[in-house]
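Please keep the sequence and the structure in view while working through the points.

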Amino acid sequence: MDLRDQFNRSPNIGVLAEKWLSHLIASISDAGVKSSVQTRADGAVSLIAPAALLARFIELEFETQVEHRLRILVVSEDPIGIMDSGVWCNYAAQFAGLEHGVDVFSVFPQEVQSNLYPVAIDLGLKPFQLIDAQDAQTQSWDLVAWIHPALESGKASPAAGLIAQLHHSGAPVYGCVYN
């Protein structure tokens with residue numbers, strides 16, 4: 001299944017999650033991974049939404065095919081912003097049609113794991129690489145994605161300063177606010 005085509009043709013994340021889940025089930029079978037876990041598309045949405053968001057950011061930032069692996073920093077303090085240590089973010093490359101893939105990094109550990117996390121690891125999907133905020137400021141990024149809940153408390157998060165510094169240094173920064 002061509003996930004880029006499905007990504008481009010899906011009218012919403014629910015439809016994309018259905019197509020992706022079919023692809024995932026086939027991949028599990030093809031790889032001979034044993035799993036008794038069952039999920040439906042509505043359960044898959046929270047897993048695949050960050051990858052779809054990253055793919056959209058990639059399409060916005062790069063007008064032509066990228067000739068190298070993209071280095072993407074994901075900044076999300078919310079434990080459900082990116083579940084399973086970002087393993088599903090690997091699909092951003094397939095959604096965006098990237099030939100060379102993505103390397104995903106994060107400055108915040110994410111401890112929430114779904115029941116599909118072991119399956120992802122068995123399939124060889126890599127969790128994001130955890131780095132500290134100071135290291136993030138000194139590295140070069142092809143893309144920075146800030147995924148955060150609405151600031152209902154009126155207080156800026158610690159990530160806001162990091163994002164401002166990365167933007168000031170010239171890194172392409174994209175953001176997503178959700179409730």
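This is a predicted model: local features need pLDDT of at least 70, side-chain atom pairs count only at pLDDT 80 or more; totals for chains, interfaces and linings use all residues.

1. The model contains an open sheet of five strands, arranged in the order β3-β2-β1-β4-β5 with parallel pairing. The edge positions belong to β3 (129–130) and β5, each of which has a single partner strand, so one side of each is left without a neighbour in the sheet. As background, strands of a sheet pair through backbone hydrogen bonds, and the pairing may be parallel or antiparallel.

2. How many bridges join β1 to β4? There are four, and the two strands run parallel.

3. Helix α3, residues 41–61, lies across β1, β2 (102–106), β4 and β5, and runs at about 140 degrees to β4. Helix α7 lies across β1, β4 and β5, and its angle to β4 is about 155 degrees.

4. The buried side of α7. Which residues of helix α7 (residues 158–168) are buried? They are Ala159, Leu162, Ile163 and Leu166. These residues cover an arc of only 100 degrees around the axis, and therefore lie on the same side of α7. They pack against the strands β1 (70–75), β4 (143–149) and β5 (173–178), and also against α6 (133–138). Just after α7, glycine 170 adopts a positive phi of about 105 degrees.

5. The packing of α2 and α3. In general, two packed helices are described by the angle and the distance between their axes. The axes of α2 (residues 13–31) and α3 come within 8 Å and cross at roughly 100 degrees. Because angles of 65 to 115 degrees count as roughly perpendicular, α2 is described as roughly perpendicular to α3. The residues that meet include Ile13, Leu16 and Trp20 in α2, and Ala41, Val45 and Ile48 in α3.

6. Glutamate 59. This residue lies in helix α3. With a relative accessibility of 25%, glutamate 59 counts as partly exposed. Its side chain forms a polar contact of 2.4 Å with the side chain of arginine 56. Apart from neighbours within four places in sequence, glutamate 59 is in contact with Arg4, Phe7, Asn8 and Phe95. Glutamate 59 and glycine 97 are 38 residues apart in sequence, yet their C-alpha atoms are 9.3 Å apart in space.

7. Histidine 68. The loop between α3 and β1 holds histidine 68. Is this histidine buried, partly exposed or exposed? Histidine 68 is partly exposed, at 38% relative accessibility. Its side chain makes a polar contact with that of aspartate 142, at 3.2 Å. Not counting residues up to four places away in sequence, histidine 68 touches His100, Gly101 and Asp142. The C-alpha atoms of histidine 68 and phenylalanine 108 are separated by 25 Å, with the two residues 40 apart along the chain.

8. Asparagine 90. This residue is found in the loop between β1 and α4 (91–96). Its relative accessible area is 17%, so asparagine 90 is buried, the cut-off being under 20%. The side chain of asparagine 90 reaches the backbone oxygen of lysine 126 at 2.9 Å. Leaving aside neighbours within four places in sequence, its contacts are Val102, Leu125 and Lys126.

Technical notes
Residues are numbered from 1 along each chain as its sequence is written. Side-chain values use heavy atoms; hydrogens and water are left out. Buried means under 20% relative accessible area, exposed over 50%, partly exposed in between (1.4 Å probe, protein chains only). The arc is that of the directions from the helix axis to the C-beta atoms. Contact means heavy atoms within 4.5 Å. Two strands pair if DSSP finds at least two bridges between them. Axes are lines fitted to C-alpha atoms, for helices over the stretch in contact, and angles run from 0 to 180 degrees between N-to-C directions. A polar contact is a pair of N or O atoms within 3.5 Å; within protein, one must be able to donate a hydrogen and the other to accept it, and residues adjacent in sequence count only if both atoms are side-chain atoms. Angles under 35 degrees count as roughly parallel, over 145 as roughly antiparallel, 65 to 115 as roughly perpendicular and the rest as oblique.
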